[in-house]
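Here are my notes for you. Keep the model open as you read, and check each point against it.

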Amino acid sequence: MKNKEQIFRSSFITPVERIGKYTLLVASACLFAPGLYLYFFHGLLPPFGAIIGGAVAVWSFMLVMAVVEPIVYYPILGFGGTYMSFLVGNVLNLRVPVS
């Protein structure tokens, strides 16, 4: 006989984890679609210095947030809510107050 923890894990946590991982990977890949479209179909490419400058500016901020936000918001949002919130966005202003 399965206990409640095993039932919860097999019927909720495992499917949410599987769907959440693949959905976030697809969403991450889609973020590059507009830039790739402009490059391949229209030949538009920003200067290399602008790409590096933008990447450094964004990554310096996002690396800190990528570590801190899941730790802070997980107790409020729970397992499924964390996947949904980081896919849809606007976690602090919209998702957390609703939770």
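1. Start with Phe8 and Phe12 in helix α1, which spans residues 4–30. They sit four residues apart, so about one helical turn separates them. Remember throughout that this is a predicted model.

2. How many aromatic pairs does the structure hold? The count is four. Phe8 and Phe12 form a stacked pair, because their ring planes are at 25° and planes under 30 degrees apart count as stacked. Their ring centres are 5.3 Å apart.

3. Phe8 has a relative accessible area of 44%, so it counts as partly exposed. Phe12 is also partly exposed, at 35%.

4. Move on to Tyr37 and Phe41. The ring centres of Tyr37 and Phe41 lie 5.1 Å apart. Their planes are at 40°, so this pair is tilted. Tyr37 and Phe41 belong to helix α2, residues 33–42. Being four residues apart there, they are separated by about one helical turn.

5. Is Phe41 buried or exposed? Phe41 is exposed, because its relative accessible area is 63% and the cut-off for exposed is over 50%.

6. Next, look at Ser85. This residue lies in helix α3, which covers residues 48–88. Ser85 has a relative accessible area of 1%, so it is buried. The limit for buried is under 20%.

7. What does the side chain of Ser85 reach? It reaches the backbone oxygen of Gly81, at 2.7 Å. Set aside the neighbours within four places in sequence, and Ser85 is in contact with Leu77, Val91 and Arg95.

8. Step back to the whole chain. It has four helices and zero strands. From the N terminus on, the order of elements is α-α-α-α. The radius of gyration is 18 Å, while the globule rule gives 13 Å for 99 residues. The chain is therefore more spread out than a compact globule. Its C-alpha atoms fill a box of roughly 60 × 25 × 20 Å along the principal axes.

9. Of the 99 residues, 14% count as buried. The accessible surface of the chain is about 7900 Å². Carbon and sulfur atoms account for 74% of that surface. Among contacts with a separation of 6 or more, 33% join residues 24 or more positions apart.

Note on methods:
Residues are numbered from 1 along each chain as its sequence is written. This is a predicted model: local features need pLDDT of at least 70, side-chain atom pairs count only at pLDDT 80 or more; totals for chains, interfaces and linings use all residues. Side-chain values use heavy atoms; hydrogens and water are left out. Rings of Phe, Tyr and Trp (its six-membered ring) pair if their centres lie within 6.5 Å; planes under 30 degrees apart count as stacked, over 60 as edge-to-face and the rest as tilted. Helices (H or I, at least four residues) and strands (E, at least two) are DSSP runs, numbered from the N terminus. Buried means under 20% relative accessible area, exposed over 50%, partly exposed in between (1.4 Å probe, protein chains only). A polar contact is a pair of N or O atoms within 3.5 Å; within protein, one must be able to donate a hydrogen and the other to accept it, and residues adjacent in sequence count only if both atoms are side-chain atoms. Contact means heavy atoms within 4.5 Å. The radius of gyration is taken over C-alpha atoms; the globule rule is 2.2 Å times the number of residues to the power 0.38. Accessible areas come from the Shrake-Rupley method with a 1.4 Å probe; for residues, only the protein chains shown count as cover.
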